[in-house]
Amino acid sequence: MTVGIVVISHSRALAEAAVALAGEMDAGGGVPVEVAAGADDGGFGTDAVAISEALASADQGDGVVVLMDMGSAVLSAELALELVDDEVRERVVLCPAPLVEGLVVAVVSAAGGASAGEVAAEAGDALAAKSGHLGGLDGTAPAAAVPAPAPAGAGEETGTFTVRMPHGLHARPAAALVAAVRALDADVRLRNVTLEGPEVSAASMSKVATLGALQGHEVAVRASGPDAGRAVHRLQELAEDSFGETAPAAPAPAPAARGTGRPIPASPGVGIGAVSVAAPAGITLPAPVAGTPAEQRARLDEARARGREHLRAVRDRAAREIGEAEATIFDAQLLLLDDPDVLADAETRIEGGADAAVAWADAMDAVEAALAAATDEYLRGRARDVRDVRDQVLAALGGHAEQAAASDGVLVADDLTPADAAAIEPGRTPAVVLAGSSPTAHAAILLRARGVPAVVGVGAELAARAREAGVLAVDGTTGELAVDPDETVLADFRARAAAHTRRRDDALRRAHEPAVTRDGTTVLVGANVGSVDDAAAAVGADLAGLVRTEFSFLDRHDAPDVDEQEAAYRAIAEAMGGQRITLRTLDVGGDKPLDYLPMPAEANPFLGVRGLRLALARPELLADQLEAVVRVAHDHPVDVMFPMVSTVDELDAARRALDGAVEAVGRGRPDLRVGIMVEVPAAALKAASFAPSVDFLSIGTNDLTQYALAAERGNEDLAALADALDPGVLALIAATVAGAGDDVLVAVCGEVAADEQAVPLLLGLGVRELSVAPAAVGVVKQAVREVDLGAAGELARTALTCPDAAAVRGLLG
Ligand code: PEP
Ligand code: MG
């Protein structure tokens, strides 16, 4: 939906200034705004013919909203309506809103995909905040704490709340709000009164995100339906309670990043090199294909399914090459493919006669435009993700992708999709410079994970200069960007690069040395690997503390046989050069289904038949895998580890299956240590019951955290909640160590083990082995070397008394 806007004013200068102001709200520039202002001779006046031409130009078929200044502007507008085609006239709405306020709101609303009627209605409300604040035109009731909401319609309830959270109505509180609304039988609409923004549905995450509600903003609530009163009350109650936020969820946002011309540090490190320009990646709309709405829907469904397949493949690769935590970025994109609001919008467009590609593109463009126009930097960072998903589906519908191919060198681009960022090779790209984006955008997260220095938000002008340059020097730690630096500047950047590399090299150089704490305790630092490449990259690792064997099982149509599995594990063992490898048995299930293992759909896959539960339900799979493990264990040091164990019975059953495999191989019992992953809170609390039957316990903090905090690990909206440093999770780690006793080693192989700041805390809790992404082995060893276990124990005791993860992080400096 692209509603056009016409501005009629007696003064051309006034109209143009108002349009420029409103243009700030439409970063994508997608809303057509036409001006009909001033007399022909440059003086003041309005002209019906000029207005009729403006109406025709602004109309793209979805209607036009007209904003006027005063007096005869209205008469001229009415006259102009007589001059346009009947078809256009029917789509024009003359809006009585005040010109400046109305125009700003109208542009935001139109950019968000509202219809002409909705745009006009929202523009009509544009004075509410100002008059509420001033207490009416006579100014006698100043600054009411709560601005007067728009008058309630019949059966409607209204109210307002103030956003208290330091970081505004971010993803987590927004999710709480949407969930509360969805639980009630009411149609609830919200409006950011402070920003004089448009009204949006409170049941849609993508729409609530566009409110851009920051700390101190007033939000108006309008509800109808049986639970209307409860809905208003509930939201006010939630707001009063800061939507359950007890502490700042994330570091204070970085400065605004909409291409301000102030480069923002986004990924530490220094990179110098020739310029490599990436053409803006994009996609052409495929030629329309005729068909009934039902056929268009089917095309769209199929294209979404292919988009899903593609995104899953990108996700799997990111999980393997970068890390599971970073790969969850693509889970959020996968969710967007099924966003009910977007689908409903696309559906309406299809019903209205649109081709599947146009319907999808327009529906996604509306979400992207609304996010791009957000005042909040975090939300703007999500706009690129929306475009990525949009383009995947358009490609599946036959759109032609223009590749953002680039040569080796410092990459300069407007922005990067997460998939582009995930594909960047540090060896070929010494640094990245982006005109837009933000440090919290997914591209930046992935660049950090890849260790590619980056500055973002440099603005169009500086990016253009950078593209023209021969050499760029980038400091992703400070945010500095030098374009064609002279020798002195270059020398300075080289010195910084050298210092950064020295620090990393120190870690790498000493990676092969054991990690011994200051007071002489050796801590094993292992690598988490999924492939031979991972194992080869695990420089200095004392062991492979977690081999995710599921990679042999995914992306195929049948299960690998014993020989195939044996070959895969043997190759990893050989790549680890004689170090012990910990083979975790198949950890798939509900959330990671296998094509050849049909399973009934589960309402809560993370609580379903996954990990060891699945293996015990499919004993033939487990038997084959354990046979392969035993064969390799005869030639290499091997541990076997069972995932997602909840009860001692399950472990006993798994051990019996292992005995069976030893017998099937027929070469006696190899040196094979047995352990379990502690991922279920109950298992942590029952560690003492497991201890007699295991050689080690390895805490999978990724899952343990999600289960302890009931916060799904792949849910981006819960990312801040699902913090492994929550004192509740730390208490479970402490309980595991206590239950394990002196003879059973406790390891941590979840992502938190690679957090250098968390290392003293984990060691203080009694953990004596850490297994991390291959690239992190060196720096984690360095972090261990700086630990004094006495002080670390004290730190852990204090952390266990903290109220929340933020307080724990505060202790870590
Ligand atoms: C964990 O849950 O912490 C873990 C290491 O296992 P995965 O991430 O493979 O589920
Ligand atoms: Mg796990």
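In the predicted model, the side chains of Arg 580 and Asp 671 form a salt bridge with an N to O distance of 3.2 Å; a salt bridge is a side-chain nitrogen of Lys or Arg within 4 Å of a carboxyl oxygen of Asp or Glu. This pair links distant parts of the chain, 91 residues apart: Arg 580 lies in strand E21 (residues 580-584), and Asp 671 in the loop between helix H24 (648-665) and E23. Helices (H or I, at least four residues) and strands (E, at least two) are DSSP runs, numbered from the N terminus. Arg 580 counts as buried, at 17% relative accessibility; buried means under 20% relative accessible area, exposed over 50%, and partly exposed in between (1.4 Å probe, protein chains only).

The whole structure contains 48 salt bridges. In one of them, the closest N and O atoms of Glu 237 and Arg 234 are 2.7 Å apart. These two residues are separated by about one helical turn, because they stand 3 residues apart in helix H10 (residues 228-240). Glu 237 is partly exposed at 39%, and Arg 234 is partly exposed at 34%. In the salt bridge between Glu 487 and Arg 494, the closest N and O atoms are 3.8 Å apart. Here Glu 487 is exposed, with a relative accessible area of 54%, whereas Arg 494 is partly exposed at 46%. A network of salt bridges links Asp 563, Glu 566, Arg 570, Glu 627, Arg 631 and Asp 635.

The magnesium ion (ligand 2) has Glu 679 (OE) and Asp 703 (OD) as its protein donors, lying 2.0 Å from it. Donors are N, O and S atoms within 2.8 Å of the metal (3.2 Å for Na, K and Ca); water is not among the atoms, so sites may look incomplete. Glu 679 is buried, at 2% relative accessibility, and Asp 703 is buried, with a relative accessible area of 2%.

Considered as a whole, the chain has 32 helices and 26 strands. Of its 813 residues, 53% count as buried.

Residues are numbered from 1 along each chain as its sequence is written, while chains are lettered from A and ligands numbered from 1 in the order in which they are written. Because the model is predicted, local features need pLDDT of at least 70 and side-chain atom pairs count only at pLDDT 80 or more, whereas totals for chains, interfaces and linings use all residues; side-chain values use heavy atoms, with hydrogens and water left out.
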